[in-house]
Amino acid sequence: MVALPVVDHAAVFAAVPAPCLVLDPRLTIVEVNEAYLDVTGRRREELLGRPFFAAFPPNPADPEADGVESLRTSFDRVRALRVRDAMAVHKYDIPLASSPGAFEERWWSPVNTPVLDERGEVRWIIHRVEDATAFVRAVVPPRDHADPAQAMAAELYARGRELQRLNEELRKAHAEERHLALTLQNAMLYTPDLRRHHDLALRYRPAASSLNVCGDWYDVADVSGDRLAAAVGDVVGHGLEAALIMGMLRSALSAAIRASQGPAYALEALDMYAESVEGALGTTAVKILVDKRSHMIVYSSAGHPPPVLLHADGSCDLLDQATDPPLGAWTASVPRSQAVTGYKPGDALLLYTDGLIERRGEDIDVGLARLTGALARCADRTVERMADTVLERLGVAQGARDDVALLVLAL
């Protein structure tokens with residue numbers, strides 16, 4: 001096997017002929033190549049370490065120009081959706097280096113590209129530009145000097161600007177659609193018993209997608225004065241269709257636990273219901289019943305990652321002694337399994353969906369170890385702080401590649 005040469009990536013970046021700079025997620029300039037310095041007339045020390053919009057502020061003499069806002073929107077889109085965003089040619093004047101307070105009219109064609117870390121979070125943004133100023137000035141000459149070729153080029157440019165405007169309108173419509181979808185999902189996740197529980201924290205992080213909704217769910221129900229039921233589940237797929245299936249299964253399981261003898265029986269009832277719901281098969285769920293009088297937890301899992309019982313000393317137990325296949329993959333003639341474990345006051349119980357721990361190409365045991373390691377260092381925190389800390393330490397505080405539902409209960 002031929003050994004490949006070691007590539008000096010810094011030297012390659014510096015020599016790239018396209019003007020590029022690198023931003024961190026806060027839009028601070030952390031690197032710039034020679035081509036970018038040439039096209040903007042800047043020195044490295046003038047740009048490195050500065051926020052982008054401080055280095056290149058809007059032109060106060062041109063308040064109607066939309067270049068700054070368009071670029072800011074593109075950066076926001078890259079950070080939120082973790083996707084490359086190519087912009088149409090737009091006007092963005094830059095300060096004259098040789099004349100403080102003066103601006104030079106410039107036109108740019110930018111492409112913003114995210115660089116993701118191992119957790120799928122945006123680590124850097126590569127901002128690549130092409131200076132289109134000369135082209136724009138050439139194709140939009142004074143009317144009395146325009147020839148047919150120039151007129152056609154000017155028309156093409158004008159149509160490009162119109163397409164950009166229409167694209168922005170579509171993005172706004174998409175944002176409104178996502179807001180409606182989230183409103184619908186919040187309504188489906190409404191938990192009437194939640195207001196009576198200050199010892200409970202819930203977190204919901206849909207993966208970045210077209211509607212930013214998902215099929216993960218959580219539920220809490222007071223079965224009696226001293227018994228509390230909780231569940232999390234995960235429908236196969238993403239988006240609005242998965243969310244609608246989630247709503248049906250969540251309601252059915254919430255009703256089943258109130259009318260059954262325990263979590264295993266409730267999941268068996270959900271199994272039968274799922275047979276009649278298209279798209280429900282393959283769903284995973286875990287149901288637990290906490291008896292506060294006897295300090296016991298009864299649980300059953302349909303193919304779901306194990307709940308974690310966190311003790312006051314920071315040690316953790318995985319509740320993995322009653323795990324059966326997901327919905328639709330279980331033989332109806334065989335009862336689902338159910339297990340019981342004790343707890344002590346001061347312990348905490350964590351239920352979650354697989355988006356919290358699973359990473360592409362990684363064994364699930366690695367994710368579980370990462371979760372228990374994070375929990376061990378926050379056993380003395382409130383459930384709210386514990387939930388936030390877990391999301392932060394597992395790299396999903398701002399969303400992840402997969403959906404995440406998290407429930408933390410103080411016992």
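Tutor: Happy to! Let's start at Leu-27, which sits in the loop that joins strand 1 (20–23) to strand 2 (29–32). Keep in mind that the model is predicted. The phi angle of Leu-27 is near 70 degrees, a positive value in a residue that is not glycine. Is Leu-27 buried or exposed? Its relative accessible area is 7%, and because the cut-off for buried is under 20%, Leu-27 counts as buried.

His-295 lies in the loop between strand 12 (284–291) and strand 13 (296–302). Its phi is near 55 degrees, again a positive value in a residue other than glycine. The relative accessibility of His-295 is 29%, so this residue is classed as partly exposed.

The structure contains one cavity of 30 Å³ or more, and the largest cavity holds about 110 Å³ of space. Which elements each supply at least two residues of its lining? They are helix 2 (34–40), strand 7 (107–116) and strand 8 (122–131). Among the residues that line the largest cavity are Tyr-36, Thr-40, Trp-108, Pro-110, His-127 and Val-129. The lining also includes Phe-52, Phe-56, Leu-71, His-90, Tyr-92 and Ile-94. By residue class, the lining of the largest cavity has nine nonpolar residues, three polar ones and no charged ones.

Terms used. Residues are numbered from 1 along each chain as its sequence is written. This is a predicted model: local features need pLDDT of at least 70, side-chain atom pairs count only at pLDDT 80 or more; totals for chains, interfaces and linings use all residues. Side-chain values use heavy atoms; hydrogens and water are left out. On a 1 Å grid over the protein atoms alone, a cavity is a set of points where a 1.4 Å probe fits but cannot get out, and a pocket is an open set with protein on both sides within 12 Å along at least five of seven lines; lining residues have an atom within 4 Å of a point. Grid points are joined across faces, edges and corners, and a volume is the space filled by probe spheres set on the points. Helices (H or I, at least four residues) and strands (E, at least two) are DSSP runs, numbered from the N terminus. Ala, Val, Leu, Ile, Met, Phe, Trp, Tyr, Cys and Pro count as nonpolar, Asp, Glu, Lys and Arg as charged, and the others, Gly among them, as polar. Buried means under 20% relative accessible area, exposed over 50%, partly exposed in between (1.4 Å probe, protein chains only).
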